[in-house]
Amino acid sequence: MWEKIRIRYCFILLLALASAGAFAKADKKSSVESFTLKNKNGMEAKFISLGATLVSLKVPDKNGKFADVVLGFDSPAEYMKDTNYFGCVVGRYANRIANGKFKLYNKEYTLAVNNGPNHLHGGIKGFNRVIWNGKKIKTDKYSGVVFKYLSPAGDQNYPGNLDVTVTYTLTNNNELRISYKATTDKKTVINLTNHSYFNLAGQGTGDILAHELMINADFYTPADGNCTPTGEIRKVEGTDLDFRHPMAIGSRIEKVGGYDNNYVLNRDSAGQFVLAARVTEPASGRVMEVFTSQPAMQLYTGNFLNGIKGENGSVYNKYYGFCLETQHFPDSPNRLYFPSVLLRPGETFSQLTAYKFSVQ
């Protein structure tokens, strides 16, 4: 009897949390916590422990006016139902694994399939749908939050226990830095990224077609009809995917039906921390630069947003946000000549990405 009463009480508590419509720091009765970071310039970033998710990022424009530049929701319950991966950490494997299968040392693993024939962003219950343990950190140069999660062996049918740490830091140089680290007790594969949707004019203000984008990539990986790599690596030169020089996102978007493409970033050596992209929003003057140690980056332009009710009454339609997902190549476990995503016991997966904001 007491167990039934307890379950009913928890259900009522979750409904109350969802209807509150705010991310006040959770009390002891709630498992979803909220964390807010601020720097000396007034820039502010908010996170929740569900999915280690970035829910708000307030950045100044050329006149000093702040706006939230990431798409999001008002309650944890909405994030739990979200199928667009707003602001979360995705894994164990970001992007797609073809047919939900891969071989590791001659043993085949069959993963949870959730995107046609493919395994996408960690499967049916990826890292976006779990509660992470969070803790704030602070120094004279930055404030941050450290999120930890232990993905058990067999999670979505992946091998090995995977111990993951994601650290967000907000610096006084208006950089949001994301550090990814992971260890395992059995050979496994890993690919982590953050899936924030950006609109530098401010979330909910309209589409991102006038944003000017530069991507530091001479090559990309073509995909088949199921959005998985064909295995080729082609030049962007002469294609509608060429953003080597700044160009409005909307200038050729209808020719390609919206962007959802993996770019091979230019660098001199593996693991080098390089400029991956620069985005400028002409009206506000906001500029975002993306730096990363990851070998690739997925450009996605919100092709399937269709009237989603978002933060503060906003409605998100097609092309209302863009993602720049720093990552390893899609389907790398099945393409051994792609940069390796293998993680062995005794090794540490370690990657760093930074989003730096300024004005022009």
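**Entry 1: W132 and Y149**

I started with W132 and Y149, and both are buried. The model I am reading is predicted, and I keep that in mind for every entry below. I then looked at the ring geometry of the two residues. The ring centres of W132 and Y149 are 5.7 Å apart and the planes stand at 40°, so I logged the pair as tilted. W132 is in the loop between β9 (119-120) and β10 (133-138), while Y149 is in strand β11 (residues 142-151), so the pair ties together parts 17 residues apart in sequence.

**Entry 2: other aromatic pairs**

I asked how many aromatic pairs the structure holds. The search returned 19. One of them is F102 with Y109, a stacked pair with 5.4 Å centre to centre and 25° between the planes. F102 has 1% relative accessibility, so I put it down as buried. Y109 comes out at 11%, which is under the 20% limit, so Y109 is buried.

I also looked for charges over rings. The charged end of K187 sits over the ring of Y105, 4.9 Å from the ring centre. The charged end of R252 sits over the ring of F243, at 5.0 Å from the centre.

**Entry 3: F86**

Next I looked up F86. F86 is in the loop between α2 (76-81) and β5 (89-90). Its relative accessible area is 1%, so I noted F86 as buried.

Which residues does F86 contact, apart from neighbours within four places in sequence? I listed T53, L71, G72, F73, Y79, H195, Y197, L305 and Y316. I also checked C-alpha positions: F86 and S196 are 110 residues apart along the chain, and their C-alpha atoms are separated by 5.5 Å.

F86 is also part of one aromatic cluster, formed with F73, Y79, Y197, Y300 and Y316.

**Entry 4: N174**

I moved to N174, in the loop between β12 (162-171) and β13 (175-184). N174 is at 12% relative accessibility, so it counts as buried. I looked for a polar partner and found the side chain of N39, in polar contact with the side chain of N174 at 2.8 Å. Leaving out residues up to four places away in sequence, N174 touches N39, N41, M43, Y355, K356 and F357.

**Entry 5: strand β26**

I then checked the cover of strand β26 (residues 323-327). Five of its five residues are buried, and I noted the strand as mostly covered. I recalled that side chains in a regular strand alternate between the two faces of the sheet. In β26, C323, E325 and Q327 point one way, L324 and T326 point the other way, and all are buried.

Which strand pairs with β26, and in what sense? I found β23 (residues 296-300), pairing with β26 in the antiparallel sense over five bridges. Opposite E325 in β26 I found Q298.

**Entry 6: salt bridges**

Side chains of opposite charge can pair when their charged atoms come close. I searched the whole structure and got nine salt bridges.

I took E44 as the entry point. The side chain of E44 meets that of K46 in a salt bridge at 4.0 Å, N to O. The side chain of E44 also meets that of K58 in a salt bridge, at 3.8 Å, N to O.

E44 has a relative accessible area of 11%, so I recorded E44 as buried. K46 is at 27%, so K46 is partly exposed. K58 is at 33%, so K58 is partly exposed too. K38 belongs to the salt-bridge network that links E44, K46 and K58.

Last, I looked at E232 and R234. Their side chains meet in a salt bridge at 3.0 Å, N to O. E232 has a relative accessible area of 34%, so I marked it partly exposed. R234 is at 39%, and it also counts as partly exposed.

Note on methods:
Residues are numbered from 1 along each chain as its sequence is written. This is a predicted model: local features need pLDDT of at least 70, side-chain atom pairs count only at pLDDT 80 or more; totals for chains, interfaces and linings use all residues. Side-chain values use heavy atoms; hydrogens and water are left out. Helices (H or I, at least four residues) and strands (E, at least two) are DSSP runs, numbered from the N terminus. Buried means under 20% relative accessible area, exposed over 50%, partly exposed in between (1.4 Å probe, protein chains only). Contact means heavy atoms within 4.5 Å. Rings of Phe, Tyr and Trp (its six-membered ring) pair if their centres lie within 6.5 Å; planes under 30 degrees apart count as stacked, over 60 as edge-to-face and the rest as tilted. A charge sits over a ring if NZ of Lys or CZ of Arg is within 6 Å of the ring centre and within 35 degrees of the ring normal. A polar contact is a pair of N or O atoms within 3.5 Å; within protein, one must be able to donate a hydrogen and the other to accept it, and residues adjacent in sequence count only if both atoms are side-chain atoms. Two strands pair if DSSP finds at least two bridges between them.
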